[in-house]
Every structure is written in structure tokens, then in C-alpha cells.
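Here are a couple of exercises to work through with the model open. Try each task before you read its solution.

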Amino acid sequence: MLTISVEQRRKIAVLGSTGSIGRQTLDIVAEYPHLFEVDLLVANRSADLLIEQAMRFKPRNVVIASGDLYDKVAQALDGTSIAVHTGDSVVSELVAQPEVDTVVTAMVGYSGLASTIAAIKAGKKIALANKETLVVAGELINELLKNSDSVLYPVDSEHGAFYQCLVGEDMNNVSKLILTASGGPFRTMPREQLATVTKDDALRHPNWAMGAKITIDSATMMNKGFEMIEAKWLYGISQDNIEIVVHPQSIVHSMVEFVDGSVKAQLGLPDMHLPIRYALGLPGRLATDERRMTVADYASLTFEQPDFEKFPLLGTAYEAARRGGNVPCVMNAANEIAVAAFLADKIGFNDIYNTIEKTMAWAPFIASPTHDDYIATNAEARRYAENLI
């Protein structure tokens with residue numbers, strides 16, 4: 001069994017600690033107190049939960065991104081040794097500090113890009129849960145990784161599955177990555193009914209407990225399009241060699257097909273603690289007494305082709321991946337604005353797709369964007385999508 005002294009415990013920064021992935025990451029930290037300790041917690045607006053987490057895990061630093069909540073957090077933690085900060089820019093400074101060993105990027109959306117870049121430049125181990133980082137700027141991230149000691153491990157269940165299937169394999173022997181999707185809450189709903197679904201309908205995911213934004217992305221299947229683009233950059237494979245299949249049971253988390261026709265699959269319960277535990281434990285595995293999958297309980301596992309007409313954002317994601325440049329950044333920005341509007345009851349479910357398509361058709365194309373280009377593209381695409389809404 002792996003044993004590490006208190007002085008050698010990995011010091012973890014959890015960016016997005018009050019979200020679904022962040023909370024589950026802290027579950028893992030609490031499960032292995034001899035291996036991990038929290039150095040930094042970052043939240044956007046959930047001040048009460050951030051205070052509770054800080055009092056429990058005693059990090060050196062906490063960040064509440066929303067400045068109007070700074071006084072509340074600072075007063076609650078007054079008298080402790082915990083330093084309280086606010087704003088987005090300070091996060092990049094804190095993740096680069098030498099005390100931090102591992103950065104868990106669980107912030108939602110585009111907001112995770114700058115801190116991920118800072119962590120790469122500082123040579124940190126990164127447990128990547130923020131898929132938008134690679135969707136928006138995969139080419140830039142890969143270039144930065146080439147010149148850094150940083151190592152990136154995927155936290156997504158699907159990409160963790162690919163990673164496990166590819167251990168010891170040569171990517172030249174891979175013919176296809178097979179990305180599984182639950183199909184979301186509207187898998188069996190007739191296409192014409194989607195125009196009238198509500199946010200409450202869309203938030204009822206059949207298998208996974210996730211945050212609101214990613215749950216809506218699952219309902220539109222945009223989330224699976226994001227994961228396809230993420231896989232392209234993580235594993236250096238063309239989008240044309242990434243197949244999406246619907247697997248309603250969410251037990252097979254993804255598969256890899258090899259040139260000889262054999263297929264490897266990784267199975268497990270639909271529980272995000274599993275891929276988080278795997279990513280944090282690498283290069284080894286962390287033993288646990290948590291509930292296991294019983295094969296007999298899943299005697300029937302089914303697979304089907306996704307309906308690209310009912311879920312047109314799948315096709316949109318493949319188009320963005322093929323065009324490259326700043327197009328995926330535009331798609332992501334428009335999606336974030338559209339999903340927020342849907343959750344606020346400002347637009348209908350099908351308007352999410354319409355907003356994204358119109359924004360992508362409008363946006364100027366940049367073939368080889370810099371970080372500054374991504375920043376400008378994100379801001380401009382958001383403004384255009386907001387004006388459409």
C-alpha cells in the first residue's frame with residue numbers, strides 16, 4: 001500500500017470547489033487524508049459553501065471570484081490562518097505557487113482557460129474537469145504542454161475511460177475512439193416535442209447528478225460534442241476517427257477500437273468519484289471500499305446511433321472541430337450564453353441551437369489564434385449571442 005508522510009502529501013488546488021466536481025473532489029481528499037491536503041479553494045458565488053469547505057479543509061488560500069461577496073468570506077474566516085482573495089486574475093497567480101502540486105480545474109466554461117494555462121506554465125499536474133479549456137483552445141494547450149513539465153490527466157468519465165484503455169498501447173494502433181453518451185432526458189422523446197420542453201424537464205438527467213449547465217449540455221448533447229473535441233486534442237486523433245454512440249445505461253464509459261479489430265472498454269458505475277479518484281491517484285490506483293458494480297445487475301447493455309437531426313448540436317460540434325481555428329471558441333461562447341438564457345426562461349430549448357448556429361455563421365474566422373485572439377473571440381461571440389437573445 002502506498003504511504004506518504006505528512007510532508008510529502010500532495011497539495012491540491014480545487015478550482016470550482018463548490019460545484020459538483022469540486023465537491024466530489026473534496027470527498028476524495030477527505031477519503032485519503034494521508035495522501036492529500038487542500039492548499040487552495042476557488043468558488044464563484046457560493047460563499048456559504050466556500051466558507052464551510054475552508055473551515056473543514058484549512059487551505060492556505062481561498063478565492064471568491066465575485067467581489068461583492070469578498071467581505072462576507074473574509075469576515076467569516078477572520079482569525080484563521082486562511083488568506084482570502086477575490087477576482088479571477090489572482091487564481092492564475094495562486095495556482096503557480098510552488099506549494100501547489102496538483103490543480104483540479106473544475107470551473108465551469110471558458111473561465112477555466114486562464115488558470116489552466118498558468119498551471120501548465122508552472123509545470124503542475126492537472127486533473128482536467130473543465131472540458132471547455134480544450135474545446136476553446138486545444139491547439140494552444142497542446143503547444144504549451146510540449147514546453148512544460150506539466151502533465152494533464154482527464155477527469156471526465158469518458159476520457160478517463162479512454163486513458164485507461166490506452167495505457168501501454170501505441171496510438172498508431174488505434175483505429176477509432178468510441179465515445180458513449182447516455183442520450184440525456186430526451187433520448188426517446190419525439191423531435192417535435194422538444195420545442196416545448198422546460199428547463200425542469202431538461203434538468204432531469206436519468207443517470208448522472210451534475211451541475212445545471214452541464215446537465216443542459218447533456219440534454220442538447222452539446223456536452224458529447226465538447227467531449228469529442230476534447231478527445232481530439234487529448235489523444236491526437238482526428239474527429240473523423242471519433243464515433244459517438246448512445247448507451248443509456250452509462251456503464252460502459254467509452255471504448256477504443258484497434259487496427260486488428262479488437263475493442264477495449266472501461267466499465268463502472270455512473271459515479272464521478274471514480275474518474276476523479278483515478279486522476280488523482282495516477283500513476284497508481286487508490287483502493288476504496290465504496291460501492292462496486294455487480295455485473296449481474298447489468299445483464300443487458302444496449303447501444304444505438306445518436307439522432308443527429310433531433311440533436312443537431314452534435315453535427316455543429318463536428319463542423320467546429322473540422323474548421324478549427326477560433327470556431328470552437330465561438331461555439332462554446334454562444335452555447336454558454338444560450339444555456340444561461342434557457343435556464344433563465346428567456347429562450348426555448350431549440351433556440352439554444354439557433355443561437356449557436358447564427359453566432360458561428362457571423363463570427364470572423366481566425367485560422368491560428370493566439371491566447372489574445374481567444375479572449376477577443378470569446379468576448380465578441382458572447383456579445384453577439386446576447387444581442388440575438
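A salt bridge here is a side-chain nitrogen of Lys or Arg within 4 Å of a carboxyl oxygen of Asp or Glu. The model is predicted, so local features need pLDDT of at least 70 and side-chain atom pairs count only at pLDDT 80 or more, while totals for chains, interfaces and linings use all residues. Residues are numbered from 1 along each chain as its sequence is written, and side-chain values use heavy atoms, leaving out hydrogens and water.

**Exercise 1.** Find the salt-bridge partner of Glu-158, then work out which parts of the chain the pair links.

*Solution.*
- Step 1: Glu-158 pairs up with Lys-224, with the closest N and O atoms 3.0 Å apart.
- Step 2: Glu-158 sits in helix α7 and Lys-224 in helix α10, 66 residues apart, so this pair links distant parts of the chain (helices are DSSP runs of H or I, at least four residues, and strands are runs of E, at least two, numbered from the N terminus).
- Step 3: Buried means under 20% relative accessible area, exposed over 50%, and partly exposed in between (1.4 Å probe, protein chains only). Glu-158 is buried at 10%, and Lys-224 is buried at 7%.

**Exercise 2.** Now take Lys-146 and Glu-143: how far apart are they in helix α6?

*Solution.*
- Step 1: Their side chains meet in a salt bridge of 2.9 Å, N to O.
- Step 2: They are three residues apart in helix α6 (residues 132-146), which means about one helical turn separates them.
- Step 3: Lys-146 is exposed at 61% relative accessibility, whereas Glu-143 is partly exposed at 41%.
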